[in-house]
Every structure is written in C-alpha cells, then in structure tokens.
Amino acid sequence: PATNAAAGLSKATSITGKYTSTVTVGANGVITVLYGGDANSTYLATKAITLTPQDNAGSVSWTCSNSTVAVKHVPASCRP
C-alpha cells in the first residue's frame, strides 16, 4: 500500500503515542514514524525513523533507517 488508507489505517495524524506524533505509510509501503509528544525535544522531537518493507517470497522483513536520530535514541531493533 502507498497510503495509510490503502493500508487500512487511520490518518497519519490520528496515529499517535507517548513519543510519536504521526505514523505515515508512503510509496512502496514505507512507514515513517515521526517523534513527538513526550519525546525529548533536544534529541527526538520532529525527527523520524523509517521502516522499509522487503518482500521475501511470501514473507516480509523490515529495514529500519534514520538520518537524524542518534543511534542511542532509536529502538534496539533499528540499531546497526
């Protein structure tokens, strides 16, 4: 899916949490999570991580990436 609606999800701004302000599905199913809420404003607020799906002949794996968040502030599964 290329949009939240196509993925059966609510609008990006409706998917929030303690440390997130939006969750957006984009082209090729790429999911972008924008930090916000109670996220530390110095290190995380308005920064994002991206989850990119990989089709593995019937199963899906995810690659996590970011260009703006220090490694120590991303989920353990997103660390190199």
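In what order do the elements of the protein run from the N terminus on? They run β-β-β-β. The legends below describe a predicted model.

**View 1. Overview of a protein with four strands and zero helices.** The C-alpha trace spans about 40 × 30 × 15 Å along its principal axes. Of the 80 residues, 24% are buried. The exposed surface comes to about 5100 Å². Carbon and sulfur atoms supply 55% of that area. Contacts between residues at least 6 apart in sequence include a share of 17% that join residues at least 24 apart.

**View 2. The hairpin of S3 and S4.** Strand S3 covers residues 48-55, and strand S4 covers residues 60-65. The two run antiparallel and are joined by six bridges. Pro53 has its bridge partner, Trp62, in S4. Four residues lie between the two strands of the hairpin.

**View 3. Ala57 in the turn between S3 and S4.** Ala57 sits in the loop that links these strands. Its phi is positive, about 50 degrees, although Ala57 is not a glycine. Is Ala57 buried or exposed? Ala57 counts as exposed because its relative accessibility is 82%, and the cut-off for exposed is over 50%.

**View 4. Asn28 in the loop between S1 and S2.** Strand S1 spans 20-25 and strand S2 spans 31-35. Asn28 lies in the loop between them. Asn28 is not a glycine, yet it has a positive phi of about 60 degrees. With a relative accessible area of 70%, Asn28 is exposed.

**View 5. The disulfide of Cys64 and Cys78.** How many disulfides does the count come to? The count comes to one. The S to S distance between Cys64 and Cys78 is 2.0 Å. The link is right-handed, with 90 degrees about the S-S bond. The pair links distant parts of the chain, 14 residues apart. Cys64 belongs to strand S4, whereas Cys78 is in the segment after S4.

Key:
Residues are numbered from 1 along each chain as its sequence is written. This is a predicted model: local features need pLDDT of at least 70, side-chain atom pairs count only at pLDDT 80 or more; totals for chains, interfaces and linings use all residues. Side-chain values use heavy atoms; hydrogens and water are left out. Buried means under 20% relative accessible area, exposed over 50%, partly exposed in between (1.4 Å probe, protein chains only). Contact means heavy atoms within 4.5 Å. Accessible areas come from the Shrake-Rupley method with a 1.4 Å probe; for residues, only the protein chains shown count as cover. Two strands pair if DSSP finds at least two bridges between them. A disulfide is a pair of cysteine sulfur atoms within 2.5 Å.
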